Amino acid sequence: MTRVVFQPQTYEALKRGIHQVVEPVRMTLGPLPRVVAFSSSFDGEAPELLDKGSVIARRITQLGERDADMGAMLVRDLLWRLHKSVGDATATAAVLFEAVYNAGVHYLAAGGSAMALRQFLNEGAQLVLAQLDTMSVPVIGEAALTRAAAALCSDPALAQPLGEIFAVLDAYGQIDIRSSYSRETRWEYIDGTYWTGGALKAELLPTPRVELQNPAVVMTDFALNEPGDIAPALEAALRAGKRSLLIFAESISASVTAFLLANRDQAGFQAVAVKTPDQFKDRMGTLNDLAALVGGRPFIQATGNSLRRIQSADLGAARSVWVDRDYVGITGGKGDARLRQDQVTRLRTQVTLAEDPDQRERLRSRLGKLMGGSAVLWVGGTTEREIRQRKLLAENAVETMRGIVQFGILPGGGVSLLRCQPALDAWLGSPADISQRMAHRALSDALSAPARAILSNAGCDPSATLARISAEAPDRGYDVLTRQMVNLLDAGIIESTAAYKAAVQGAINTAAAALTIDVLVHTRNPETVLEPG
Amino acid sequence: MMSDTLYALAAADGQLYAARESGLYRSEDRGAHWSALYEPLGLDTPLPTTCVAVQGALILAGVPGGVLHSTDAGAHWQFRRFTTPAPFITALTLTDTLALAGTLEDGVFCSPDGGITWLPQNYGLLDPCVLALTAAPEGMAFAGTSSGLFRSSNGGRSWQQTSFQRTPVLSLAFTSEGVLLVGTESAGLWRSRSQVDDWQLSTPQPLINHISVTQTAAFATAERHLLSSRNQGQTWYVQHGFDTPITALAASSSGPLWIALNDTVHLLQPFPR
């Protein structure tokens with residue numbers, strides 16, 4: 001049965017839902033956060049203690065009140081998108097969102113125009129973003145990056161490798177975070193490029209790890225079903241003077257495996273087939289990346305190519321290749337360096353333009369592989385649970401560090417938002433439209449909301465401390481740990497510019513859009529559970 | 001007089017080194033007489049040496065598959081093998097804190113301990129064909145490749161493309177004032193004071209094979225011509241012309257200048273009257 005909800009119930013219901021998600025998240029803001037306990041789904045298991053805003057929001061699902069749940073969904077979606085794209089500042093976004101929404105509702109309840117308010121809120125958001133840009137400070141060098149990582153994750157054993165890794169690999173490098181299953185956290189750099197998806201058939205690996213020197217490379221997304229599918233490639237490799245072959249393919253049949261093994265045993269020609277990396281739409285791009293790296297040309301089903309017409313010039317080549325059950329790596333691809341540089345430039349542009357976080361991440365991953373090196377960080381701990389938590393922490397920190405390397409840092413503690421207030425006041429000017437005045441008021445409330453939450457969580461008096469902060473120099477603020485006014489950047493109280501800007505933009509724009517919601521429609525009844533008796 | 005192929009010359013502390021097809025040689029009398037430095041190794045066959053870098057008593061020599069390393073001016077040698085397959089070493093550079101080796105197909109190898117251990121360091125080096133290397137004491141390094149110039153600000157651990165692309169870079173050097181000189185295969189000799197973007201073309205000659213600098217001057221070879229500059233590479237003059245191409249160049253801080261013609265080393269006065 002469909003149910004339709006109109007004003008004023010709409011605003012009130014959304015506010016209640018938003019509050020139920022934002023309030024627990026607000027508690028996690030700052031260096032002295034409260035913790036949220038989630039009951040376990042399993043009997044007898046201890047509750048899970050969380051202090052990460054996006055994860056908390058994600059876990060608060062299906063509020064009892066369906067109208068309110070739609071408000072909660074708006075926040076959940078915003079925070080999860082931020083978590084995936086920038087890895088940080090989600091609690092700040094939650095607090096900003098609620099402040100803007102609540103202030104906006106007051107105005108709209110008095111008969112204001114939602115569309116005009118939305119327009120001015122978005123305009124004000126752009127102003128705030130521009131102000132944040134002026135305050136941003138670049139982070140250069142290993143020492144500075146390590147300090148930034150330490151401020152992000154409060155874990156010196158993780159901060160040190162992260163600082164070093166980002167000093168070497170910059171914003172686009174491929175970084176794998178793996179569980180160490182020991183106490184130590186260690187890291188290593190891998191020369192060349194590697195992909196997950198090792199040998200397609202274990203029989204092709206006479207040892208757990210096979211290394212081929214100066215092999216030819218075949219790149220295709222075909223399934224190789226008959227020996228005749230791959231025989232021309234072997235012949236082409238032999239004509240090119242090669243004694244080994246790496247085959248990227250979708251799959252190989254038992255008969256093709258037997259054919260390759262027979263060639264290895266009888267002719268001494270070693271061939272290893274590995275799974276073509278990536279799936280669906282990314283696969284063509286990845287095959288093109290491979291071709292840029294090793295030369296030759298990829299054979300792609302969608303273009304109507306056939307491996308049976310392969311020539312020696314179609315083969316790629318590399319200085320060395322390694323394959324095991326899980327990974328395949330290439331070192332010293334012999335592709336045309338200029339084509340590889342062109343491909344890197346293309347991918348950089350695409351990463352910059354990509355709006356979808358998942359797509360951006362996939363493109364960044366492809367770009368990292370083309371750069372020719374990677375790092376593996378093995379995260380340790382004393383218990384499996386600690387390792388899991390530190391691994392999650394490291395993964396989030398890596399995303400945030402990418403933004404820091406590219407766009408720098410801002411003074412933290414909510415102070416950079418407070419310092420946007422004069423620019424916001426200048427924007428208002430006079431005389432101003434009533435909707436602009438309301439947008440200004442909503443944004444003014446919102447700009448101080450994160451700092452208030454941090455101070456409140458730390459047991460400080462927000463109003464008195466904010467008054468003291470406003471009298472300080474722009475780069476100074478209150479350190480709730482030492483209870484002193486400090487230079488925020490020197491004290492390591494920082495925010496990633498990229499993450500903070502994404503949080504500000506996402507929160508204000510989403511809240512402004514949410515203010516235009518007048519009607520809620522429920523098209524289905526919630527599922528009911530029939531219990532016996 | 002040796003007649004086998006001469007790959008490179010290097011001058012340091014009043015001594016001249018020649019990397020040749022038959023091995024590494026040193027002259028202590030400005031090139032008049034030469035002594036073979038690999039004699040302590042007792043080799044049965046000649047060991048081709050493609051490049052050499054010297055700093056004090058430390059000598060690094062590029063040989064097939066790695067470098068020979070001596071910390072006592074060539075009295076004893078250790079072979080430092082690089083990763084397989086064996087790379088072809090094209091360039092070596094040494095500073096107080098850094099040793100870098102460039103290779104024909106495997107990019108750059110970096111040694112943090114004066115040439116004892118070597119690791120490939122190629123993140124961002126999109127062209128593994130390295131033709132020239134130079135490094136500054138503060139950790140700045142440049143790699144000239146077959147497709148342009150790459151820059152490292154962390155002692156060769158990672159590399160960034162510079163705006164200087166699309167032309168093979170054959171020779172590199174820092175002047176005494178830190179100006180970067182870049183010799184190319186077909187686009188002449190360029191200089192940059194910022195080492196980032198203020199590139200200025202300094203010579204009309206398209207092909208610049210070698211560059212060597214002293215405290216007061218810079219020298220370059222353009223096929224059959226020896227060029228010199230006394231103003232940090234701003235202006236260059238043709239100092240000598242020869243009938244055959246110059247295949248190697250080395251300048252010494254104390255004054256003399258050496259070139260190789262037809263695999264023979266010749267001593268020149270840097271600025272004859």
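A salt bridge here is a side-chain nitrogen of Lys or Arg within 4 Å of a carboxyl oxygen of Asp or Glu. B:Arg193 and B:Glu177 meet that test through their side chains, at 3.6 Å from N to O. B:Arg193 sits in the loop between strand E19 (189-192) and strand E20 (200-201) of chain B, and B:Glu177 in the loop between strand E17 (169-174) and strand E18 (180-184), so the pair ties together parts 16 residues apart in sequence. B:Arg193 is partly exposed, at 42% relative accessibility. Buried means under 20% relative accessible area, exposed over 50%, and partly exposed in between (1.4 Å probe, protein chains only).

This is a predicted model: local features need pLDDT of at least 70, side-chain atom pairs count only at pLDDT 80 or more, and totals for chains, interfaces and linings use all residues. Residues are numbered from 1 along each chain as its sequence is written, chains are lettered from A and ligands numbered from 1 in the order in which they are written, and side-chain values use heavy atoms, with hydrogens and water left out.

**Chain A overall**

Chain A has 18 helices and 20 strands. These are DSSP runs numbered from the N terminus (helices H or I, at least four residues; strands E, at least two). The C-alpha atoms of chain A fill a box of roughly 85 × 60 × 55 Å along the principal axes. Of its 533 residues, 55% count as buried. Among contacts in chain A with a separation of 6 or more, 77% come from residues 24 or more positions apart. Contact means heavy atoms within 4.5 Å.

The expected span of a helix is 1.5 Å times one less than its number of residues. H3(A) has 20 residues and should span 28 Å; its end C-alpha atoms are 28 Å apart, which agrees. Its buried residues include A:Asp67, A:Val75, A:Leu79 and A:His83. A:Gly87 follows H3(A) and has a positive phi, near 75 degrees.

H7(A) covers residues 156-169. Its 14 residues reach 20 Å from first C-alpha to last, close to the 20 Å expected. Among the buried ones are A:Leu158, A:Pro161, A:Ile165 and A:Phe166. The buried residues of H7(A) pack against helix H6 (142-153), strands E4 (174-179), E5 (186-191) and E15 (373-379), and helix H13 (384-407) of chain A. Just after H7(A), A:Asp170 takes a positive phi of about 55 degrees.

H13 also holds A:Asn396. A:Asn396 counts as buried, at 11% relative accessibility. Leaving aside neighbours within four places in sequence, A:Asn396 is in contact with A:Lys52, A:His83 and A:Gly87. A:His83 is one of the buried residues of H3(A), and A:Gly87 follows that helix.

**Salt bridges**

The whole structure has 30 salt bridges over all chains.

| Pair | Closest N to O distance |
|---|---|
| A:Arg3 and A:Asp67 | 2.5 Å |
| A:Glu399 and A:Arg402 | 3.8 Å |

A:Arg3 pairs with A:Asp67. The two link distant parts of the chain, 64 residues apart: A:Arg3 lies in strand E1 (residues 3-5), A:Asp67 in helix H3 (residues 66-85). A:Arg3 is partly exposed, with a relative accessible area of 38%. A:Asp67 is buried, at 10%.

A:Glu399 and A:Arg402 are both in helix H13 of chain A, three residues apart, about one turn of the helix. An α-helix has 3.6 residues a turn, so residues three or four places apart point the same way. Both A:Glu399 and A:Arg402 are buried.

**The contact between chains A and B**

The contact takes 25 residues from chain B and 28 residues from chain A. The buried area is about 2,000 Å², with carbon and sulfur atoms giving 43%. Buried area is the accessible area (1.4 Å probe) that two parts lose on being put together, summed over both. Which residues of chain B lose the most area to chain A? They are B:Tyr123, B:Leu126 and B:Arg166, together 37% of what that side buries.

Four salt bridges join chain B and chain A. A:Arg319, A:Lys334, B:Glu105 and B:Asp106 are linked in a network of such bridges.
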